[in-house]
Amino acid sequence: MSLNLSRSMQTRKTVIETEHGVVAAQHRLAAIAGAEVLAAGGDAVDAAVATSFVIGVVEPWMSGPAGGGAMMLWRADQKQAVALNHGMRAPAALDPADYPLSGQGAASDLFPWEHVLDDRNVQGATAVAVPGVVDGLGQAHARYGRVPWAELLSPAIDHARRGMLVDWYASLVIASCTRQLAEDPDAAALFLEDGQWPTISGWTALADKRLDQSRMADSLDQIARHGPRALYDGDLGAAMAADVQAKGGCLSVDDLRAYRAEFHDPLSFSYRDAHFHVVPGLTAGPTFRDTFAALEVVAMGGAPGPDSYARMADALGAAYARRLAGMGDTGESPEAPGCTTHFSVVDRHGNMVAQTQTLLSIFGARVVSPSTGLLMNNGIMWFDPVQGRPNSLAPGKRCLMNVCPVIGEQGDRRFAFGASGGRKIMGAVAQLSSFVTDFGMDLAGSFHQPRIDVSSGSHLIADDSLPAAVLERLRQHHQVAETRRTVFPYAFACPAGVMRHGTQNSGCTEIMSPWGDTISEDMTKER
């Protein structure tokens, strides 16, 4: 924990309650775009499409059209949960021999894999996987959308034409990755000054600098006019694939043409008097289920305390261990054991969307496709570079994602939760879900409640605002590192969620996220 941080400062977010539709997203402008769609009579899925494309413009280092992810939907009229997996895949021409181990220990980014020579699975065009988010949004819209597709992309195109405003937070994020961005001329041209310095607006001045996202605006316009498959079957996709290959990657037009997101029956299970629906297969959904299977056989108490935190730590630790040891695309059923963004939507009818989408690392592969203006993903990092394991790197293989969008039900309450934060995601979503279902918390209580994280495997990270008795109990069986929730960096995941209680909707985002916000459709009329 940094000794520089104030001990007297308190940060809170207001949770709105309304009968109107609500969007909770990691960027206020994206939430506004979705809420305006709801105000115009759109479905929760319509709002999700608008929110997704806008957040890819205004928070470009987290997600975008060249990323992937997963979505959980709730259809109120049918009382049915639906799962949609739009995760990434390894290109068909990928050769595992091109990712030799360096012998230098662990990798330099999010996962405890063996280090690959030159970080070829982490950075650069060799780390790029087949994107899925645009096809996923297109399939969701085709099934449930009411508003014309092109109208839903209009806000994102407008934002890209103006260019993302570089405020102090954007400057901080760009500065954190300047060295890596400078290695790709097109990424450097987009995000850096003179190809080497982080773009900043001045620490004591009003933000007045914007990124030049005009090429991205043109690409979004093509997707708006020609539909979601423009990125896969059209000239746009061909240009993107050619750019990646020119930079040494193996993404091909055939990879894009073959890609299809997939609807699934959700992985649904009961927990005490609650019910959860998560995305099955190669997501964190099965790990979420494992966590609650362990919790169900122990008492959690009437309020979060030493015992409940210790039991959650044990359940999460065992679930993470099982995940890393056994999950991967083995060619069998995906149910077999084997820096991201999240937003949640609820409309006035009770339809819900929990959408997690990602480029994987912050700024993805730190490579920009110059023809399209799109920042590329580094989905290849999701694979274990050591061969002979369930999640080993191989051509055409589905990526094992950390995403964990969830729909939860308990009595007359229903909620849609999710988070960003790599391996930290599942633990955060599980704790929020437990705060609601085990302890009866509302959104305000659950999102402000201190959390723990055990995703590293070697030690437990605890919010230092937890009571001394909780911290002491955790130290009995874990190596504990105390820290606090800060604006940057995030020691814990960054969640967003909505809840429907009867006919009342509410929403909240991570309290330390300076851009995250909840917007209801009636608030858009006041703008």
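Student: Why is D119 called buried in this predicted model?

Tutor: D119 has a relative accessible area of 19%. Buried means under 20%, so D119 is classed as buried.

Student: Where is D119 found?

Tutor: D119 lies in the loop between β6 (114-116) and α3 (133-144).

Student: How do you know that the whole structure has zero disulfides, taking C404 as an example?

Tutor: A search of the whole structure finds zero disulfides. For C404, the closest cysteine sulfur is that of C494, at 15 Å. A disulfide requires two cysteine sulfur atoms within 2.5 Å, so the sulfur of C404 is too far from that of C494 for a bond.

Student: Are C404 and C494 buried or exposed, and why?

Tutor: C404 has a relative accessibility of 1%, and C494 has 4%. The cut-off for buried is under 20%, so C404 counts as buried, and C494 counts as buried too.

Student: What makes D167 a cap of helix α5?

Tutor: A side-chain oxygen of D167 lies 3.1 Å from the backbone nitrogen of Y169, at the N-terminal end of α5.

Student: Which residues of α5 are buried, and what do they pack against?

Tutor: In α5 (residues 168-176), the buried residues are Y169, A170, S171, V173 and I174. Their packing partners include β7 (165-166), α6 (178-181) and α7 (185-191).

Methods:
Residues numbered from 1 in each chain as written. Predicted model: local features only at pLDDT ≥ 70, side-chain atom pairs only at ≥ 80, totals over all residues. Heavy atoms only, no water. Helix = DSSP H or I, 4+ residues; strand = E, 2+ residues; numbered from the N terminus. Buried < 20%, exposed > 50% of the residue type's maximum accessible area, 1.4 Å probe, protein only. Contact = heavy atoms within 4.5 Å. Polar contact = N/O pair within 3.5 Å; in protein donor to acceptor, adjacent residues only side chain to side chain.
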